[in-house]
Structure formats: structure tokens, C-alpha cells
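Take a look at the model below. The report starts with a pocket and then turns to a sheet.

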Amino acid sequence: MSHPRDEAAGRPVPVLLAGDDFVLNSLLVEALHAQSGPSAWDVRTLELPWPHVPFGPVAEVDEASGSEQEMIEALAGARVCLTQMAPLTARVLDACPDLELFAVSRGGPVNADLAAATARGVRVTFAPGRNAESTAEHTLALMLAAMRRLPHAQDSMRAGRWDSGFYAYDATGLEIAGSVVGLVGCGAVGARVARALHALGAEVLVADPYTDPATLPPGARLVSLPELLASSSVVSLHARLTEETAGLIDAAALAAMPRGSVLVNCARGGLLDYEALTAALAEGHLFAAGLDVFDEEPLAADHPLRSASNAVLSPHLAGASRATARRAATMVAAEAGRWLRGDAPLHCANPQVLESR
């Protein structure tokens with residue numbers, strides 16, 4: 001394969017930055033220039049409406065923002081595209097034959113048709129781990145808020161009260177220190193949560209058949225899922241959603257947890273039976289739950305979890321931090337730098353395209 005700039009005889013490479021109101025185009029420009037210098041690129045930009053306009057399917061791809069037509073117009077002549085949400089469909093690819101790299105600043109490039117890209121020789125990259133720190137911190141925030149019943153205290157304060165009744169034994173919350181906390185999954189996020197919990201004085205159990213015990217964070221112990229559920233006063237989900245893990249925490253699993261325990265899910269909604277969870281909260285089997293993801297999103301306005309006093313909810317925000325946006329921009333800019341130098345991508349979603357060149 002010839003060097004990407006050979007044909008351009010040293011001229012700047014046309015690149016489209018299709019940012020949005022999270023991964024800003026200004027962040028992409030800054031990261032791209034830091035990676036390769038301003039003179040390497042002929043930058044054009046497209047502003048996508050996410051998150052103010054929800055993402056959705058665009059033709060054959062999912063979770064995309066914007067339209068095929070605006071992408072076709074913006075990509076004309078571009079050889080590289082850095083984006084988070086822009087759709088890469090067969091129609092877009094057919095209309096933009098100059099495109100060689102489509103770098104997606106997400107953990108998975110669901111907004112790209114990988115088969116169509118591979119067939120046309122376009123490498124698609126992604127950004128695994130971009131939000132691991134943010135998600136770990138959000139997990140701890142939900143865990144603490146649920147255990148200490150912080151929403152109750154805030155509601156009381158906003159209503160103008162100073163309620164000393166929160167000191168009543170039955171109204172008080174739980175502590176992490178001295179508790180057994182079980183983590184279902186111990187990847188990039190789970191490992192960070194494990195280290196933080198250990199520092200706070202928890203005994204940390206991990207159920208993850210794919211984790212090497214030698215790589216566990218300090219203080220964590222690998223156990224079976226049944227042992228974890230039976231032993232943990234707090235259970236936090238960090239597994240990937242696969243055919244194997246879909247519905248993993250069902251009614252039986254919830255029943256196996258000790259009465260008065262807490263469940264936290266900042267991973268994937270499909271891991272958990274939310275109907276069974278709602279019942280366990282209503283019956284008092286669970287003390288509380290902290291939830292950032294749901295089996296159906298957005299959560300229905302009349303969903304019973306919205307009125308559950310012992311549920312702390314956020315609308316899939318665990319990965320939303322300014323640091324995440326900056327890391328995302330840096331990771332796709334680094335892939336653009338590798339492409340410019342003729343190097344292999346670090347995180348390629350369709351590695352077959354590399355073999356064919």
C-alpha cells in the first residue's frame with residue numbers, strides 16, 4: 001500500500017470532522033492538530049444534532065445522528081472522517097469513493113455498516129475504554145446515593161424541611177466500609193470500581209469466567225456467580241451484553257441476594273430483568289437500586305421504577321464527562337495519525353480490510 005499522502009504530493013489530506021454537542025468539533029480539531037500538526041489536514045466540519053436530538057437508526061445502521069444525504073455532501077472528496085455518531089451506510093460509501101478511514105469515537109461502531117465498509121476497502125476504527133473512568137465514577141456515585149438514600153434527603157431539603165428523622169435507625173443508610181460488594185464482570189470499568197471499593201474498605205468479590213485471577217485488582221477475590229449473589233450486600237453489574245449474559249440477573253438471581261441488599265447497573269439494560277427488579281424493590285427484598293441503563297430506553301414515563309422511592313435513576317449518563325469527550329477525540333485523532341503515517345490502526349473493527357491491502 002502506498003503512503004496515504006503520496007498521491008496528494010504532500011498537500012493536506014481532506015478530513016471531515018462530524019462532531020456533535022458532546023464530542024465537539026473543536027475538541028476533534030485540537031486533538032488532530034496535536035497528533036499530526038495543522039498543515040497535514042484540510043479540515044472541514046459537520047455539526048450533528050446529538051444529544052439534543054436523540055440518535056436512532058439511519059438506513060441499515062443503528063444509534064446514528066444526522067442523515068445520509070448530509071453525510072454524502074460533507075464527505076465529498078474526504079479521505080478520512082472522525083466522528084462519534086455520523087452514519088456510514090452502503091449508500092454513503094458508494095457516494096464517497098475517496099474515503100479510506102472512518103474513525104468512530106465510541107466503544108463500538110454501531111453507526112457503521114462494517115460489511116459494506118470492508119467490501120469497499122474502508123477501515124473502521126473505534127475507541128474502547130474511552131468512558132471507563134467516567135462509568136466507574138458514576139457507578140460509585142449511584143451506589144453511594146442509593147446506599148445513603150441521598151435523594152430522600154435532597155427532596156426534604158428542597159421542600160424546606162430540616163428532617164432530623166433521617167437519624168432514626170430504620171431511616172438511615174448503609175456503608176461501603178465493611179460491606180461485601182460483588183462485581184459481575186471485571187473489565188476496564190469493573191476493575192476501576194474494584195480498586196475504589198477496596199480503598200473504601202469493602203471486601204470485593206468478582207464473578208467473571210473470563211478474568212485471570214492473577215490480574216484481579218488488589219483485594220478482589222474471584223468466586224462463582226451463585227456465591228457472589230448469596231454473599232454480597234451490594235451487587236454491581238459490569239459484564240458485556242452477549243447471548244450468554246442476556247437476562248443474567250433474573251428473578252431467581254435477585255431472590256438469591258440477601259434481604260436488604262443493593263443492586264447497581266451502569267453496564268447494559270439487557271443484563272437485568274427490570275420487572276423482577278421492580279417487584280424486589282416494592283416488596284422490600286432489596287434495600288435500593290442505582291440504575292443508569294434500562295431494558296427499554298428511553299424509560300417509559302409511566303414506568304413504575306420512576307416512582308420507586310428506593311430507586312436512584314439516571315438517563316444513561318455514566319459515560320458523560322468532559323474527560324470522556326476529550327479522550328474520545330484524542331483516540332480517533334490518534335487513529336488518523338496512524339493512517340497518515342501508513343501504520344496499522346490500533347482498534348480496527350473490520351481487520352479483514354487490512355488483509356486485503
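How much space lies in the second largest pocket? About 420 Å³. This is a predicted model, where local features need pLDDT of at least 70, side-chain atom pairs count only at pLDDT 80 or more, and totals for chains, interfaces and linings use all residues. Residues are numbered from 1 along each chain as its sequence is written, and side-chain values use heavy atoms, without hydrogens and water.

A pocket here is an open set of points on a 1 Å grid over the protein atoms alone, where a 1.4 Å probe fits, with protein on both sides within 12 Å along at least five of seven lines; lining residues have an atom within 4 Å of a point. The volume is the space filled by probe spheres set on the points. The second largest pocket has 15 lining residues. Arg148, Ala153, Asp163, Phe166 and Tyr167 lie nearest its centre.

Now the sheet. Five strands (DSSP runs of E, at least two residues) form an open, parallel sheet in the order S2-S1-S5-S6-S7. Strands S2 (41–47) and S7 (123–125) stand at the edges with a single partner strand each, so one side of each has no neighbour in the sheet. Two strands pair if DSSP finds at least two bridges between them.

| Parallel pair | Bridges | One partner pair |
|---|---|---|
| S5 and S6 | four bridges | Leu82 and Ala103 |
| S6 and S7 | three bridges | Phe102 and Val124 |

Strand S5 is covered on both faces.

How values were computed:
Buried means under 20% relative accessible area, exposed over 50%, partly exposed in between (1.4 Å probe, protein chains only).
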